[in-house]
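Reader: Hi! I have a new model open and would like to talk it through. Could you walk me through it?
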Amino acid sequence: MLSDVTLDVARGELVALLGSSGCGKTTLLRSIAGFVRPQAGRIRVDGRDITGLPPEKRGTAMMFQSYALWPHMSVAANIGYGLKMRGAARDAIARRVEELLALMQMQGFAARSVAQLSGGQRQRVALARALAVDPKLLLLDEPMSNLDYKVRIELRHELRALQKRIGITAVYVTHDREEALTLADRIAVLDAGHVVQYAPPEQIFHQPASAFVAGFMGADNAIELTRGNDGRLRAAGADGAPGEPVTAHFRSDVAWIDASRRSDGDADLRLQGHIIQTLYVGQGYRYRVRTDGADVWAHASQRIDEGAPVAVVVPRDALLLFPRAAFATPS
């Protein structure tokens with residue numbers, strides 16, 4: 001269920017709808033496409049109110065998660081299907097198909113059955129089919145979720161370059177924050193049917209509007225602190241010192257482990273604890289550390305025994321601070 005959603009998408013922009021399962025992002029995309037009718041509000045494309053129009057009259061094209069290709073048709077027939085349904089002449093369809101095959105770097109694939117294609121090739125055919133009708137707005141519903149990691153990374157960059165080259169306006173649904181950061185000009189983070197932040201990727205990542213957004217964007221370490229009048233951060237209730245209760249979020253890759261447990265300096269946050277879990281991540285180790293305030297994750301290049309006493313050090317400027325009442329984690 002969506003509620004009070006307001007979004008503007010500029011011409012030539014790619015906007016990502018980002019959120020966990022059930023947050024409303026696909027419902028929003030399907031509302032734009034015309035498969036879901038909103039109970040209130042208006043949807044406009046190029047200033048034209050399309051709220052009451054059927055999908056084929058909206059000037060939009062949708063690329064589905066499953067690609068929805070016709071398995072009994074050739075590549076060319078799949079790409080040209082939308083044009084055929086619109087009554088385009090056969091020679092015009094053939095020219096458009098050849099243009100799109102060249103754009104997708106799939107020359108020579110026209111007669112091939114889609115059943116003979118790899119996942120990445122099927123994704124390109126589905127994208128070409130969507131582009132064939134020259135839509136004003138391209139809608140993409142998690143189009144890379146069925147691909148393996150290596151292919152997904154390659155196609156992600158190809159799609160971004162293609163979108164910029166042809167200048168098409170696009171709305172892209174994903175639950176993958178890395179995908180959203182890589183592809184989008186702006187990201188709309190959704191939670192429980194609401195847009196909780198809408199901003200460029202750099203702002204979403206470095207200046208999340210809430211603890212929920214911070215957690216969803218990877219700052220899932222959270223610890224309760226007190227911020228004194230002097231600006232210093234202390235563990236909640238430490239020394240009985242008065243101050244503002246806050247929740248600090250931070251990413252594990254900005255925190256490092258100091259096995260010496262020295263406590264000098266006030267510039268960084270230092271959390272005393274001991275290691276309770278070790279994960280090897282290829283370029284070092286990721287440790288789960290039990291502190292007085294919470295279990296947190298931090299990185300170190302060296303191997304440290306589980307149970308060892310350590311200090312987790314977090315640079316002050318890497319902390320994302322929110323009022324205690326705002327604390328939340330993504331479901």
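Author: Happy to. The mean pLDDT of the chain (the predictor's confidence in each residue, from 0 to 100) is 89, and 94% of the residues reach 70 or more. This is a predicted model, where local features need pLDDT of at least 70 and side-chain atom pairs count only at pLDDT 80 or more, while totals for chains, interfaces and linings use all residues. Residues are numbered from 1 along each chain as its sequence is written, and side-chain values use heavy atoms, with hydrogens and water left out.

Reader: Thanks! Where does pLDDT stay under 50?
Author: Over residues 326-331, for which the model has 13 contacts (heavy atoms within 4.5 Å) beyond four places in sequence. Where pLDDT is low, the predicted coordinates should not be read in detail.

Reader: On to aromatics. How many aromatic pairs does a search of the whole structure find?
Author: The search finds 5. Rings of Phe, Tyr and Trp (its six-membered ring) pair if their centres lie within 6.5 Å; planes under 30 degrees apart count as stacked, over 60 as edge-to-face and the rest as tilted.

Reader: Why is the pair of Trp 70 and Tyr 81 tilted?
Author: Their planes are at 50°, so the pair counts as tilted, with the ring centres 5.5 Å apart. The two residues are 11 apart and link distant parts of the chain: Trp 70 is in the loop between strand S4 (60-63) and helix H2 (75-85), and Tyr 81 is in H2. Helices (H or I, at least four residues) and strands (E, at least two) are DSSP runs, numbered from the N terminus.

Reader: How does Trp 70 count in terms of accessibility?
Author: Trp 70 is partly exposed, at 35% relative accessibility, and Tyr 81 is also partly exposed, at 26%. Buried means under 20% relative accessible area, exposed over 50%, partly exposed in between (1.4 Å probe, protein chains only).

Reader: And Phe 212 with Phe 216: are they buried or exposed?
Author: Both are buried. They lie in helix H8 (residues 211-216), 4 residues apart, about one turn of the helix.

Reader: Which residue lies over the face of Phe 205?
Author: That is Arg 251, at 3.7 Å from the ring centre. A charge sits over a ring if NZ of Lys or CZ of Arg is within 6 Å of the ring centre and within 35 degrees of the ring normal. Arg 286 lies over the face of Trp 297 in this way, at 4.4 Å from the ring centre.

Reader: Back to H2. Which of its residues are buried?
Author: Val 75, Asn 78, Ile 79, Gly 80, Gly 82 and Leu 83. Their cover includes H3 and helix H4 (119-132).

Reader: What does Arg 86 touch?
Author: Leaving out residues up to four places away in sequence, Arg 86 touches Glu 56 and Val 133. Arg 86 sits in the loop between H2 and helix H3 (90-103). A polar atom of its side chain lies 3.2 Å from the backbone oxygen of Gly 82.

Reader: Last topic, strand S11. How many of its residues are buried?
Author: In S11 (residues 244-250), 5 of the 7 residues are buried. Strand S9 (residues 221-227) pairs with S11 in the antiparallel sense over 7 bridges, and two strands pair if DSSP finds at least two bridges between them. S11 also pairs with strand S17 (residues 320-323), antiparallel, over 4 bridges.

Reader: What stands opposite Val 246?
Author: Pro 323 in S17. His 249 in S11 has Ala 222 opposite.

Note on methods
Polar contact = N/O pair within 3.5 Å; in protein donor to acceptor, adjacent residues only side chain to side chain.
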